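Q: Could you walk me through how to read buried residues, salt bridges and helix faces? I have the structure open and would like to follow along.

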Amino acid sequence: MEKKVVYFIEGDGIGAEVTAVALPVIEAAVRKAYGEEKRLEWRELLAGDKAYKETGEYLPQATLDALKQADLAIKGPLTTPVGAGIRSLNVTLRQTFDLYACIRPIRYFKGVDSPVKRPELTDMVVFRENTEDVYAGVEWSANSKEAVRLLEFLRDEMGADLDLSCGVGIKPISEKGSKRLVRRALAFAVAEGRKSVTLVHKGNIMKFTEGAFRSWGYDLAKEEFSDAVMTADEAKAGAKKPVLINDVIADAMFQQVLLYPGRYDVIATTNLNGDYISDALAAQVGGLGMAPGVNMGDSLAIYEATHGAAPDIAGQDKANPSSLVLSGAMMLRHMGWGEAADLMESAVEQAIADKKVTCDLALQMEGASEVGCKAFGELLVAKMG
Ligand code: NAI
């Protein structure tokens, strides 16, 4: 029997509810697909509110130690206070383990109501840089000693005359960080037979960060993928290669994906752009409840839903567990256990086709009957036989 250890973190808010559904659904898919041949061994790690209650720490050392030697984990969302308090545990995990690529596939499930006319044209995979840009977390609050000192330095030494009472954040974007993210996106596009990779940036305004991301992306394509990847100019000149690399400015991209979703495929982008665009795309296919993802480095991958802890519906059995379920399917596919992943995705498709859905989808779907988070999970297990 092939056995694989997967660590899991329940998460805060709806995290415990969606995790309690996703894990048995993943289990059922593996059992159905492989019988006694393959098995997952689940090991819980503490983080967030549950960890604080049990250990007095939000991110205990034992969790970090276990993840240091792990290759796979799945986690529920963790709460981050706005403006003050603890720093984001999610960001800490991504930085500690150098999980530099946040990968979020966005596709439409037939039957889900959507704010756009042809949601089925939305089939994109966002590769969002996960360690730099605003996630580097280098900032100082307005009027702090550090902020004033930095602003004085910028004024006196660098000629940038800024209001000394500003809060200041630094937006670092490196060649290494940009290239390794674009490398992942291009490798994925080539391996999966995708037709294009679009670099999304705000390089017209931030030339040496966002603009540099774009240039380094094109450089990397030329240096490492010239057999399979062509630019628009090369295509115009008659080149025939499987993957096109192009770029779009971030604000225009939001319009493009609404008006012409069928034109875009794989998106590679900087941290903040990626955050916005993946939530916006999730809305195009029915909302955050349907949006899976993974934070991936070279040795560890932590699978997680795009959504947060949703305190407004936590503890009410209302959450849609599909995002975490679909994140689990991504994990199985990454492990090479594609048959089990197919079963899970098809169970979600069938439940939606039957119009038995959680309230976020039921609200938008005519004739749908609403089921709770737990019952939805049971339906998925039943669909897999
Ligand atoms: P959120 O994603 O938790 O909620 C936004 C809206 O979407 C809410 O109305 C919520 O009810 C709804 N929603 C989210 N997931 C849903 C689901 N599975 N089913 C049905 N409805 C769902 O975003 P918000 O409110 O900005 O953040 C809440 C907390 O979560 C914050 O502390 C934030 O920092 C944290 N967060 C954590 C993330 C992570 O752990 N990766 C990601 C995003 C936010």
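Q: Is Asp-133 buried or exposed?

A: Burial is read from relative accessible area: buried means under 20%, exposed over 50%, and partly exposed in between (1.4 Å probe, protein chains only). Asp-133 has a relative accessible area of 1%, so Asp-133 is buried. A word on the source: this is a predicted model, in which local features need pLDDT of at least 70, side-chain atom pairs count only at pLDDT 80 or more, and totals for chains, interfaces and linings use all residues. Residues are numbered from 1 along each chain as its sequence is written, and side-chain values use heavy atoms, with hydrogens and water left out.

Q: Which residue forms a salt bridge with Asp-133?

A: Side chains of opposite charge can pair when their charged atoms come close. The rule here asks for a side-chain nitrogen of Lys or Arg within 4 Å of a carboxyl oxygen of Asp or Glu. Asp-133 pairs with Lys-171, and their closest N and O atoms are 2.7 Å apart. Asp-133 sits in the loop between β5 (123–129) and β6 (139–140), and Lys-171 in the loop between β7 (168–169) and α6 (175–191), so the pair ties together parts that are 38 residues apart in sequence. Lys-171 is partly exposed, at 23%.

Q: How are those helices and strands defined?

A: They are DSSP runs, numbered from the N terminus: helices are H or I with at least four residues, strands E with at least two.

Q: Which side chain meets Glu-224 in a salt bridge?

A: That of Arg-183, at 2.8 Å from N to O. This pair links distant parts of the chain, with Glu-224 in helix α7 (residues 210–224) and Arg-183 in helix α6, 41 residues apart. Glu-224 is partly exposed at 41%, and Arg-183 is partly exposed at 32%.

Q: How many salt bridges are there by this rule?

A: The count comes to 31. Salt bridges can also join into a network, as they do for Asp-123, Arg-194, Lys-195 and Asp-265.

Q: Now for a helix: which residues of α14 are buried?

A: In α14 (residues 373–383), they are Cys-373, Phe-376, Gly-377, Leu-379 and Leu-380. They lie on the same side of α14 because they cover an arc of only 155 degrees around the axis, taken from the directions from the helix axis to the C-beta atoms. The face turned away from that buried side carries the exposed residues Lys-374 and Ala-382.

Q: What covers the buried residues of α14?

A: Look for contacts, meaning heavy atoms within 4.5 Å. The cover includes α1 (15–34), α11 (322–334), α12 (338–353) and β14 (356–357).
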